[in-house]
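Welcome, and take a moment to look over the model below.

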Amino acid sequence: LGYSHNEDRLMEATTRIRPPNYREVFPEMAKVIPEGQDGDWKVEHFSVTKERHRYDSAMSTYQGRGWLYAYNYPGTFACLRCGNDHDPVMSDTGMERMTNMEVYQKAHGLVLIGGLGLGMIPLAIAAKPGVRRVWVVEKNLEVIRLVGPHLNNPKIRIHQGDVFEYA
């Protein structure tokens, strides 16, 4: 039915190509950003045990939201929080990493990012050989003071401002 040896070669070539792993691409932010607070903004570290991971995975699957924990794994993570109740804004859990893989994979040349967060995305993108510069526009000076000094990559430039007015 039209089968050729070229299809075998194509299959061999595609199975040898390993896509980047979201656990390898993004840095462990609890090792990069220390805990701290500036105004209403706060960076905290937290741990997820194997037991807690199993419980969360089972509960989310039971509730029909299995995708929420499908990419998470046990470990120590960082979380950026804001407000009086310190609501979570960003973390570096597996789900957060996985949802940013497409951004990472498509980044090349000169990159503009709206929002600094924990700096996980700018650090990963700046480490790519095909990226010349990463500009990050962050609205909150407190976030810049908490996170910025720990992003030791000369390709990263942080500008305080509103990305909608900057671009």
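This is a predicted model.

**The salt bridges around E44**

- E44 pairs with R81 in a salt bridge whose closest N and O atoms are 2.8 Å apart.
- Because E44 sits in strand 2 and R81 in strand 3, this pair ties together parts that are 37 residues apart in sequence.
- E44 also forms a salt bridge with K42, and here the closest N and O atoms are 3.3 Å apart.
- Taken together, K42, E44 and R81 are linked in a network of salt bridges.

**Another salt bridge to find**

- D162 and K139 meet through their side chains in a salt bridge, at 3.7 Å from N to O.
- D162 lies in the loop between strand 7 (156-160) and helix 9 (163-166), while K139 lies in the loop between strand 6 and helix 8, so the pair ties together parts that are 23 residues apart in sequence.
- D162 is partly exposed, with a relative accessible area of 22%, whereas K139 counts as exposed at 56%.
- A search of the whole structure finds seven salt bridges, including the ones described here.

**The nonpolar core**

- In soluble globular proteins, nonpolar side chains tend to be buried together.
- The largest nonpolar core here has 34 residues, and F26, I125 and V134 touch the most other members.
- Elements giving two or more residues to this core include helix 2 (22-25), strand 2 (41-48), strand 3 (75-82), helix 7 (120-126) and strand 6 (131-138).
- Helix 7 supplies the largest share of this core, with six residues.
- Beyond its neighbours within four places in sequence, I125 is in contact with V103, Y104, A107, V111, I113, V131 and V134.

**The protein as a whole**

- The protein has nine helices and seven strands.
- It has 167 residues, of which 37% count as buried.
- Of the contacts between residues at least 6 apart in sequence, 59% join residues at least 24 apart.
- The protein exposes about 10500 Å², with carbon and sulfur atoms supplying 53% of that area.

Definitions and conventions: Residues numbered from 1 in each chain as written. Predicted model: local features only at pLDDT ≥ 70, side-chain atom pairs only at ≥ 80, totals over all residues. Heavy atoms only, no water. Helix = DSSP H or I, 4+ residues; strand = E, 2+ residues; numbered from the N terminus. Buried < 20%, exposed > 50% of the residue type's maximum accessible area, 1.4 Å probe, protein only. Contact = heavy atoms within 4.5 Å. Areas by Shrake-Rupley, 256 points an atom, 1.4 Å probe, with all protein chains shown as cover. Core = buried A, V, L, I, M, F, W, Y, C linked by side-chain atoms within 4.5 Å. Salt bridge = Lys/Arg side-chain N within 4 Å of Asp/Glu carboxyl O.
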